[in-house]
Amino acid sequence: MNIIDELKWRGLIYQVSDEGKVREYLSTPGRSLYCGFDPTASSLHIGHLVPLLALYRFQRAGHRPIALMGGGTALIGDPSGKDVERQLIARETIEASIESIKTQVRRIFGGEVRFVNNYDWIGRTTAIELLRDVGKYFTVNWMMQKESVKNRISRDEVGISFTEFSYMILQAYDFSVLAEQEGCMLQIGGSDQWGNITAGTELIRKKLGKEAIALTFPLITTADGKKFGKSEKGAIFLDPALTPVYEFYQYFMRTDDRDVIRFLRYFTFVSREEIEALEVTLAERPEQRVPQRRLAAEMTRLVHGEEELLKVEAATAALFGTGDLREVDPAMLRIVFNEAPSVSYPGLEGLPDLPQILVDLGLSKSKGQARKDLEQGGVYVNNCRIDLTWKPSAGDLLHGQALLVRKGKKNYGLVQVG
């Protein structure tokens, strides 16, 4: 499938400056295109995946993607989609974030990626040069029509600083530099970047006398209208130190039936035929959550690698009673039960009786209720049903240090021993 036709089928094209010219540009293999990422945090989050994976899709189609790191523009702050002025960030912090983000991008691409840092030219440009060589091509009237500016100017209590007002000029300058130095005539990005991207096409037209092109992707929301990529804990990051792999996997496993086929198109490289088959499976057997498992697996493999996927799948299988908890990676086990209630005892000899353990974990309200739960067969240790006669031994300890106690299907507690 042609790359543009594939993007359209996947629902990934929101705005395009001239589809005919975009198709013509991409008809020659090895064309350059770029997307910018401002390193305002130490990690990208899954909301960045649509443009990031689009770069990868273009690479797989034989083109030459460029990931622009906004080492210069991050010092200014993009007003797009922001109700208030951004806090200024130190350059040292930005440079550290760039290195972290590069690692994440390389992992997804499975190797080398063409990176550029716009500080390399913005940092060398004087105020006079910027005003004479770039600013003179823009009218304030035109700039004030951009949504990112209008939304802030209309709010008297907030407004917009000259610093952030100038952001679109700097992004336009990026595009013109890449057009001159790299022959890059296509910029892609989220739909909130349309104003900034078209500022670049305007500068290239006026300054270089060439026609650059633009393509944006939709901002993703869930079926209930929420912004994609948010959880109760906040954003879902690509950095496992910020969002553990298990939580990342479970975020996609919890995808609503109304969203999962759409997300398979947006975020994976699964073929059209396979996705259509998964759509049939979803309609016929929704309780099996087959598309969700495929989505979670594809995303975890892509972002964190095959080894981490195998660990999280083993943990998930063991947690839901179809695998051996002893085979679960201990670090993964700690992450899985990070928020589960836990109690610690000095050793096996220091363990109280089972009813007391259930009370200590908060799984039963009283020892009397705990005995009833045990008598009714509703209590499990390491996924094995137990009763009042059960006594733990050293061989029951997971990795020699813990017991997993479950009451019913979903209420867990961790007993740490030693």
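Predicted model: local features only at pLDDT ≥ 70, side-chain atom pairs only at ≥ 80, totals over all residues.
The buried residues of helix H14 pack against helix H1 (3-9), helix H13 (257-267) and helix H15 (290-304). The chain holds 19 helices and 13 strands. Its C-alpha trace spans about 85 × 45 × 40 Å along the principal axes. Of the 418 residues, 49% are buried. Among contacts with a separation of 6 or more, 70% join residues 24 or more positions apart.

**Helix H14**

- H14 covers residues 272-284, 13 residues in total. From first C-alpha to last, H14 reaches 19 Å, close to the 18 Å expected at 1.5 Å a residue.
- The buried residues in H14 are Ile 275, Leu 278, Thr 281 and Leu 282. Viewed down the axis of H14, the buried residues fall within an arc of 115 degrees, so they line one face of the helix.
- An α-helix has 3.6 residues a turn, so residues three or four places apart point the same way.
- Glu 273, Ala 283 and Glu 284 are exposed, on the face of H14 turned away from its buried side.

**Helices H12 and H15**

- Two packed helices are described by the angle between their axes and the distance between the axes.
- The axes of H12 (residues 245-253) and H15 come within 8 Å. They cross at roughly 145 degrees. The crossing of H12 and H15 is right-handed.
- H12 contributes Val 245, Phe 248, Tyr 249, Phe 252 and Met 253 to the contact. On the H15 side, these meet Gln 292, Arg 293, Leu 295, Ala 296, Ala 297, Met 299, Thr 300, Val 303 and His 304.
- By class, the contact of H12 with H15 has ten nonpolar, three polar and one charged residues.

**Helix H16**

- H16 runs over residues 306-319, which is 14 residues. At 1.5 Å a residue H16 should span 20 Å, and its end C-alpha atoms are 20 Å apart, which agrees.
- Leu 309, Val 312, Ala 315, Thr 316, Ala 318 and Leu 319 are the buried residues of H16.
- The cover over those buried residues includes H12, H15, helix H17 (330-336) and strand S13 (411-417).

**Helix H11**

- H11 (residues 194-208) has 15 residues. Its first and last C-alpha atoms lie 20 Å apart, close to the 21 Å expected at 1.5 Å a residue.
- Buried positions in H11 are Gly 195, Asn 196, Ile 197, Thr 198, Ala 199, Gly 200, Thr 201, Glu 202, Leu 203 and Ile 204.
- These buried residues pack against helix H7 (140-143), helix H10 (167-182), strand S5 (186-190) and strand S6 (213-217).

- Most residues other than glycine have a negative phi.
- Asn 382 is not a glycine, yet has a positive phi of about 50 degrees. Asn 382 sits in the loop between strand S10 (379-381) and strand S11 (384-385). With 10% relative accessibility, under the 20% cut-off, Asn 382 counts as buried.
- His 399 also has a positive phi, near 55 degrees. This residue lies in the loop between S11 and strand S12 (402-407). His 399 is partly exposed, with a relative accessible area of 35%.

**Pro 392**

- Pro 392 is in the loop between S11 and S12. At 27% relative accessibility, Pro 392 counts as partly exposed.
- Beyond its neighbours within four places in sequence, Pro 392 contacts Leu 348, Leu 351 and Leu 403.
- Pro 392 and Leu 44 are 348 residues apart in sequence. Their C-alpha atoms are 45 Å apart in space.

**Val 415**

- Val 415 is placed in strand S13. At 0% relative accessibility, Val 415 counts as buried.
- Setting aside neighbours within four places in sequence, Val 415 contacts Val 343, Tyr 345, Leu 351, Ile 357, Leu 361, Gln 401, Ala 402, Leu 403 and Val 405.
- Val 415 and Leu 358 are 57 residues apart along the chain, with 9.9 Å between their C-alpha atoms.

Methods
Residues numbered from 1 in each chain as written. Heavy atoms only, no water. Helix = DSSP H or I, 4+ residues; strand = E, 2+ residues; numbered from the N terminus. Expected span 1.5 Å × (residues − 1). Buried < 20%, exposed > 50% of the residue type's maximum accessible area, 1.4 Å probe, protein only. Arc of directions from axis to C-beta. Contact = heavy atoms within 4.5 Å. Axes fitted to C-alpha atoms, helices over the stretch in contact; angles between N-to-C directions. Left-handed = near helix turned anticlockwise from the far one by under 90°. Nonpolar A, V, L, I, M, F, W, Y, C, P; charged D, E, K, R; others polar.
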